[in-house]
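I opened my notebook to look up a few things in a structure.

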Amino acid sequence: MASSLGNAIGVAISAALYVAGQKVDIELIQSWGIFIGRQDNVALRFGGAIGLLFNVLIVLIAFAAVAFTVPSQKQQKQIPEPAQEVAPPTLGN
């Protein structure tokens, strides 16, 4: 359930950033000079770049979380020593 919920939230945020990135002023994006080639689809490319960068950021956060929370060596379990057997007391002489 956690995986499905995480996927749904991640897709929703990526899609929201993609759409929001398309609403940025085209002249502003072109003034940065980060996109070469066709300029008629700069808004789509910028939205895609923002969504992709968000996904890369989430992957880096996931790697850092794994690196800091997973132990580096397997801990050995302490096996208790068996109790020493004591002979029962003798009966009679």
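**Entry: the buried side of a helix.** I looked up which residues of α3 are buried, and they are V42, A43, F46, G47, G51 and F54. Buried means under 20% relative accessible area, exposed means over 50%, and partly exposed lies in between (1.4 Å probe, protein chains only). Helices here are DSSP runs of H or I with at least four residues, and they are numbered from the N terminus. I noted that the cover over these buried residues includes α1 (2-22) and α2 (26-32).

**Entry: where my values come from.** This is a predicted model, where local features need pLDDT of at least 70 and side-chain atom pairs count only at pLDDT 80 or more, while totals for chains, interfaces and linings use all residues. Residues are numbered from 1 along each chain as its sequence is written, and side-chain values use heavy atoms, with hydrogens and water left out.

**Entry: V42.** V42 is in helix α3, and I count V42 as buried because its relative accessible area is 2%. Which residues does V42 contact, leaving aside neighbours within four places in sequence? I found I29, Q30 and F35; contact means heavy atoms within 4.5 Å. I also looked at V24, which is 18 residues from V42 in sequence and 9.9 Å away in space, C-alpha to C-alpha.

**Entry: S14.** Next I went to S14 in helix α1. S14 counts as buried because its relative accessibility is 14%. Not counting residues up to four places away in sequence, S14 touches G51, F54 and N55. The side chains of S14 and N55 also make a polar contact at 2.8 Å. For a polar contact, a pair of N or O atoms must lie within 3.5 Å; within protein, one must be able to donate a hydrogen and the other to accept it, and residues adjacent in sequence count only if both atoms are side-chain atoms.

**Entry: a salt bridge.** How many salt bridges does a search of the whole structure find? I got one. D40 pairs with R38, with the closest N and O atoms 3.1 Å apart. The term means a side-chain nitrogen of Lys or Arg within 4 Å of a carboxyl oxygen of Asp or Glu. Side chains of opposite charge can pair when their charged atoms come close. D40 is exposed at 61% relative accessible area, and R38 is exposed at 56%.

**Entry: Q78.** Is Q78 buried or exposed? Q78 sits in the segment after α3 and counts as exposed, at 73% relative accessibility. Q78 and A43 are 35 residues apart in sequence and 61 Å apart in space, C-alpha to C-alpha.

Notes:
Helix = DSSP H or I, 4+ residues; strand = E, 2+ residues; numbered from the N terminus.
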